[in-house]
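Here's a quick tour for anyone meeting this protein chain for the first time. Have a look at the model, then work through the notes below.

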Amino acid sequence: MIEATAELEESYRKLTYTATHDGLTRILNRGAIEKMFYEFRAKEDTADFCAIMVDLDQFKSINDTYGHHIGDQVLSETARILTAHLRSHDQAGRWGGDEFLILLPHVSLEDASRIAEHLRVAIYKADILPPPSQITASFGTAQVLPHEEPDDFYKRIDHALYQAKGKGKNRVITIE
């Protein structure tokens, strides 16, 4: 009986992990990061709740040049870099494709911008591709506004990200 219970608990743990984590990068998947957003927003003062949206620059050309197996390695290594540079209570998730969303509770917008810049440099300095190729990423940073609906927040932070892309990529854009 005890053995059966232990097996069931282990199966449940594995299923829960599979349901909440991206299979490739092993970080939270979009559904789980959205759930975390709701949880943080419900208990945090939004004046201290920010997020960063990250998009790898020219990712399609990486897949086209090196193959999808290298593209997968780039995504996995990017996720590793992001999580290695975050605090234990921050959350990073794969938003989709080559985009990531990072939730930063208890962080001012100014500090969130500094964190994004630190992450941008860390990705740029990483030796992921054969030389002279280099990975770069664009970042959008925003603070969650009081009573802001999640979809409205996602549109705002996505707009910041696309401003970074439009201004030459490999940069951080912060919006109020």
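Lys165 sits in helix α6, and at 15% relative accessibility this lysine counts as buried (buried means under 20% relative accessible area, exposed over 50%, and partly exposed in between, with a 1.4 Å probe and protein chains only). Setting aside neighbours within four places in sequence, Lys165 is in contact with Asp55, Leu56, Asp57 and Ser138, where contact means heavy atoms within 4.5 Å.

This is a predicted model, in which local features need pLDDT of at least 70 and side-chain atom pairs count only at pLDDT 80 or more, while totals for chains, interfaces and linings use all residues. Residues are numbered from 1 along each chain as its sequence is written, and side-chain values use heavy atoms, with hydrogens and water left out.

**Overall layout**

- The protein chain has six helices and five strands; these are DSSP runs numbered from the N terminus, with helices (H or I) of at least four residues and strands (E) of at least two.
- Starting at the N terminus, the order of elements is α-α-β-α-α-β-β-α-β-α-β.
- The radius of gyration is 17 Å, close to the 16 Å that the globule rule gives for 176 residues, so the protein chain is as compact as a globular protein of that length. That radius is taken over C-alpha atoms, and the rule is 2.2 Å times the number of residues to the power 0.38.
- Along its principal axes, the C-alpha trace spans about 60 × 45 × 25 Å.
- Take contacts between residues at least 6 apart in sequence: 66% of them join residues at least 24 apart.

**Inside the fold**

- Of the 176 residues, 45% count as buried.
- In the largest nonpolar core, which has 31 residues, Ile52, Val74, Ile102, Ile135 and Phe139 touch the most other members. A nonpolar core is a set of buried Ala, Val, Leu, Ile, Met, Phe, Trp, Tyr and Cys residues joined through side-chain atoms within 4.5 Å.
- Two or more residues of this core come from each of β1 (49-56), α3 (59-66), α4 (68-84), β3 (99-105), α5 (109-125) and β4 (137-143).
- There's also a second, separate core of 22 residues, including Ile33, Met36, Ala51 and Ala164.
- What does Ile52 touch, not counting residues up to four places away in sequence? Its partners include Phe100, Ile102, Leu119, Phe139, Thr141 and Ile157.
- Thr141 lies in strand β4 and is buried, at 0% relative accessibility.
- Beyond its neighbours within four places in sequence, Thr141 is in contact with several residues, among them Ala51, Ile52, Ala112, Ile157, Val172 and Ile175.

**Loops worth a look**

- Leu145 is in the loop between β4 and α6 (150-166) and, with 35% relative accessibility, counts as partly exposed.
- The C-alpha atoms of Leu145 and Thr5 are 45 Å apart, and the two residues are 140 residues apart along the chain.
- His106 is in the loop between β3 and α5, and its phi is near 60°, a positive value in a residue other than glycine.
- Asn170 is in the loop between α6 and β5 (172-175), with phi near 50°, again a positive value in a residue other than glycine. Asn170 is partly exposed, at 23% relative accessible area.
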